[in-house]
Amino acid sequence: MPEAVGDRAQRLALDVYRLLGLYGFARIDLMLDSESENLYVLEANAIPGLTETSLLPQAAEAAGIGFDELVERILELAWARGAGAAAL
């Protein structure tokens, strides 16, 4: 995939994540029309699989984030959100 298309895909996925008000982690599935290079959102999965063979950990690995670090980041986000809610 051309780098520019990958960059557009990342921006689109983040825009959808924010638009839907998702928090912590989610998986936004996209489809690429190879002829036009148009991107289409297929679905947003707010509770994606989290085994080492699931798509979210594989995507994290492709971004240089190992499974243990991914889980640590998710737990830190949950802890920060819980601590903030407790202060209210």
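The stops below go from the whole chain to individual residues.

**Before starting**

This is a predicted model, in which local features need pLDDT of at least 70 and side-chain atom pairs count only at pLDDT 80 or more, while totals for chains, interfaces and linings use all residues. Residues are numbered from 1 along each chain as its sequence is written, and side-chain values use heavy atoms, with hydrogens and water left out.

**The whole chain**

Display the chain as a cartoon. Three helices and two strands are present, and their order along the sequence is α-β-β-α-α. Helices (H or I, at least four residues) and strands (E, at least two) are DSSP runs, numbered from the N terminus. The C-alpha trace spans about 50 × 25 × 20 Å along its principal axes. Of the 88 residues, 20% count as buried; buried means under 20% relative accessible area, exposed over 50%, and partly exposed in between, with a 1.4 Å probe and protein chains only.

Select Arg-27, Asp-29 and Glu-43, and show their side chains. These residues are linked in a network of salt bridges, a salt bridge being a side-chain nitrogen of Lys or Arg within 4 Å of a carboxyl oxygen of Asp or Glu. Arg-27 and Asp-29 meet at 2.6 Å, N to O, and both are buried. Arg-27 also forms a salt bridge with Glu-43, where the closest N and O atoms are 3.8 Å apart. This second pair links distant parts of the chain, with Arg-27 in strand β1 (residues 27-32) and Glu-43 in strand β2, 16 residues apart.

Move to Ala-26, in the loop between α1 (3-19) and β1. Ala-26 is buried, with a relative accessible area of 17%.

**The loop between the strands**

Select Glu-37, which lies in the loop between β1 and β2. Its phi is positive, about 60°, although Glu-37 is not a glycine. At 31% relative accessibility, Glu-37 counts as partly exposed.

**A nonpolar surface patch**

Switch to a surface view and colour Met-31, Tyr-40 and Leu-42. Together these residues make a nonpolar surface patch of about 300 Å². Patches are made of residues with over 30% relative accessible area and no salt bridge, like charges being joined within 9 Å and nonpolar side chains (Val, Leu, Ile, Met, Phe, Trp, Tyr) within 5 Å. Accessible areas come from the Shrake-Rupley method with a 1.4 Å probe, and for residues only the protein chains shown count as cover. Leu-42 belongs to strand β2 (residues 39-45) and is exposed, with a relative accessible area of 53%.

**Helix α2**

Select residues 55-62 and look down the helix axis. Leu-56, Pro-57 and Ala-60 are buried in helix α2. Their directions fall within an arc of 95°, so the buried residues line one face of the helix; the arc is that of the directions from the helix axis to the C-beta atoms. The face turned away from this buried side carries the exposed residues Leu-55, Glu-61 and Ala-62. Just after α2, Gly-64 takes a positive phi of about 85°.

**Helix α3**

Next, select Arg-73 and Glu-69, whose side chains meet in a salt bridge of 2.9 Å, N to O. They are four residues apart in helix α3 (residues 67-87), and about one helical turn separates them. Arg-73 is partly exposed at 41% relative accessibility, and Glu-69 is partly exposed at 35%.

Ala-78 is also found in helix α3. Draw a distance from its C-alpha atom to that of Asn-38: the separation is 34 Å, for residues 40 apart along the chain.

**A charge over a ring**

Finally, select Arg-81 and Tyr-23. Arg-81 lies over the face of Tyr-23, 4.1 Å from the ring centre. A charge sits over a ring if NZ of Lys or CZ of Arg is within 6 Å of the ring centre and within 35 degrees of the ring normal.
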